[in-house]
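Welcome to my notebook. I am going through this structure step by step and jotting down what I looked up.

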Amino acid sequence: MIDKVKAVIDKYAMLPQGACVVAAVSGGSDSMALLYILNLLKEEYGFSLCAAHVNHGLRGENAQRDERFVESKCREAGIPVHILKADVAALASQSGMGIEECGRKVRYDFFNSLGENIIIATAHNLSDRIETFFFNFTRGSALRGLCSIPPKRDNIIRPLIDCSKDEITAFCAANSIEYVTDETNSDVKYSRNRIRHNVVTQLREINPSFEKCAGRCIESLNEDELFLSSLADELVRSARLPVGFDAAKLSNSPRPVALRALMSICAECADTVPENKAAEKIFDLLSSGGSFNINGGASVRVRKGILDFPQSFDKPEKAELTLGKVSFGGLTAETEIINIDEINNLQKISKQGLEYYLDCDKIHGKVFLRSRQDGDRIKIKARGCTKTLKKLFNEMSLPPEKRDGVAVAADESGVLFVEGVGCDARAEITPETKRVMRVRLKRNNNGV
C-alpha cells in the first residue's frame, strides 16, 4: 500500500521538498494509517510533520476518548500534535450554518492557522471517493460533482485517495496500527452510511473488483473535467472586456464550456458560484438579455451584448496622487517617478489599462484621482480625436451606475488618463521625455 501512496504523491507532486505537512488525524483507521505512512516517508521526501485533531464537542465521552487517544499515539511516535476543542453545535447555531458545514470550516480554519504555506494532509480514500460520487449522483450533480473528491486541491492533499477502506484496514492490522472506531459509522440513518453498507456492498456482489473499476471511472471523469475547464478558462480570457464580458462570445461557445466559464466568472466577479440551474439561466440571458439574481444574492445582467454585475457605487472622494499608495473608491493606485532610461522599450508599456505613464514635465500642478466631471475630455493619440468622457463611456457601453466609479486622473489643465481607456495625448511620453510618472492601478474586484 505504501507504494500505491507514493505513486499518488509523485503523480500529483503533493510533497515539495521542505514542506510543512499537517496531518488531520481523527483517530480512526484511515487517519492513523495516513499518519503512520507520512511519518515513514518524511525523510525520503524531506518534509516536516505534525498532527492536528479537532474535538467537535458532538459525541460526549467518545470525543474525549478520541482526543486522548490521538494525543497519546502522537506522543509515543514523537510527532508534534495540536488539539482544538470546539462547540460546533453552538457555532453552527450562531452562524446559521449546518453542523457538517460548520465543522468543516472549524477544522480547516484551525489547520491553516498552524503555520504559513502549510500542506494539509487528509485521509480521504478511494471508498470515500466512491461514496461521494454516488451521493452527488443521487442529487443530480453535473460532471464536476461526479468527479468526487480530488487528490489535491489548493494546499490540501489526499495521499490515500487510491486506497480502499479494506486495504487500509488490512494495512493497520499488518503493521499493528491501533485506532478508534466512530460508532456513528454504522448508523444507516446517514446517507453516506447507507451508500457504504448497502449500495457498495451490492455492487461488489456484481463485480468483486468494483472499487478498482469505479476509481478508474472517476479518474477518467476528472480528466474530462480538467480538459473542459481549461477550455472554459481560455473562453473567460477571450471574452473579457474592460466593462464586463462579451455575451455573444460566451453564448456562441459549446454549452458545457460556456457554463463552466460562467461559473468561473461569477466566482470572480460576484464571489459566488451559481448552482447548475442558475448557470443555465445566465446562459439563456446571454441571448435574450435581462438580469438575474444568482442564488438569490448578487445580480448578473446582460445589456447591450455585455455580461456584467451591476452594483451601485458611491461617488468616491477625490484623492491626491502622491508617491506611494493611494486609495480611491474600490482601487489602489501606486505612483512612482522613474527615469526614461528605466523603460527599456516604449512598445512594452501596458496596453491593458492597468499602468499609465505620464511625462512629468507636461503635468501642471497637483494630480488628483477623481470621478468624471461635466466637460471632461480626453484625446487618445491612437484614435486621433478628442472625445468627452460621456460619449466615450457610451461607446464603451459602460453602464450608468458604474461611470462615477471609473478613476480619472487630472491636473490643473484637465484629464491626464482614464482608467481602462488610456492617457491623454497631452501628457504621453515621447522620445524627448526625461522623467516619467508611472501609476499602477489595482482593483479590489473585477472591473468597475
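I began with charges over rings. Arg 192 sits over the face of Phe 135, 5.0 Å from the ring centre. I count a charge as over a ring if NZ of Lys or CZ of Arg is within 6 Å of the ring centre and within 35 degrees of the ring normal. Lys 318 lies over the face of Phe 368, at 4.5 Å from the ring centre.

A note on what I am reading: this is a predicted model, where local features need pLDDT of at least 70 and side-chain atom pairs count only at pLDDT 80 or more, while totals for chains, interfaces and linings use all residues. Residues are numbered from 1 along each chain as its sequence is written, and side-chain values use heavy atoms, with hydrogens and water left out.

Next I looked up the aromatic pairs. How many does a search of the whole structure find? It finds seven. Rings of Phe, Tyr and Trp (its six-membered ring) pair if their centres lie within 6.5 Å; planes under 30 degrees apart count as stacked, over 60 as edge-to-face and the rest as tilted.

One of the pairs is Phe 133 with Phe 137, stacked at 6.2 Å centre to centre with 10 degrees between the planes. Both residues lie in helix H6 (residues 126-138), four residues apart, about one turn of the helix. Helices (H or I, at least four residues) and strands (E, at least two) are DSSP runs, numbered from the N terminus.

Buried or exposed, I asked of Phe 133? Phe 133 is buried, at 15% relative accessible area, whereas Phe 137 is exposed, at 52%. Here buried means under 20% relative accessible area, exposed over 50%, and partly exposed in between (1.4 Å probe, protein chains only).

I then turned to Tyr 356 and Phe 417, a pair that is stacked because the ring centres are 4.1 Å apart and the planes are at 5 degrees. Tyr 356 is in strand E15 (residues 355-359) and Phe 417 in strand E20 (residues 414-418), so the pair ties together parts 61 residues apart in sequence. Tyr 356 is buried at 1% relative accessibility, and Phe 417 is buried at 0%.

Back at the phenylalanines, I noted that ring pairs link Phe 133, Phe 134, Phe 137 and Phe 210 into a cluster.
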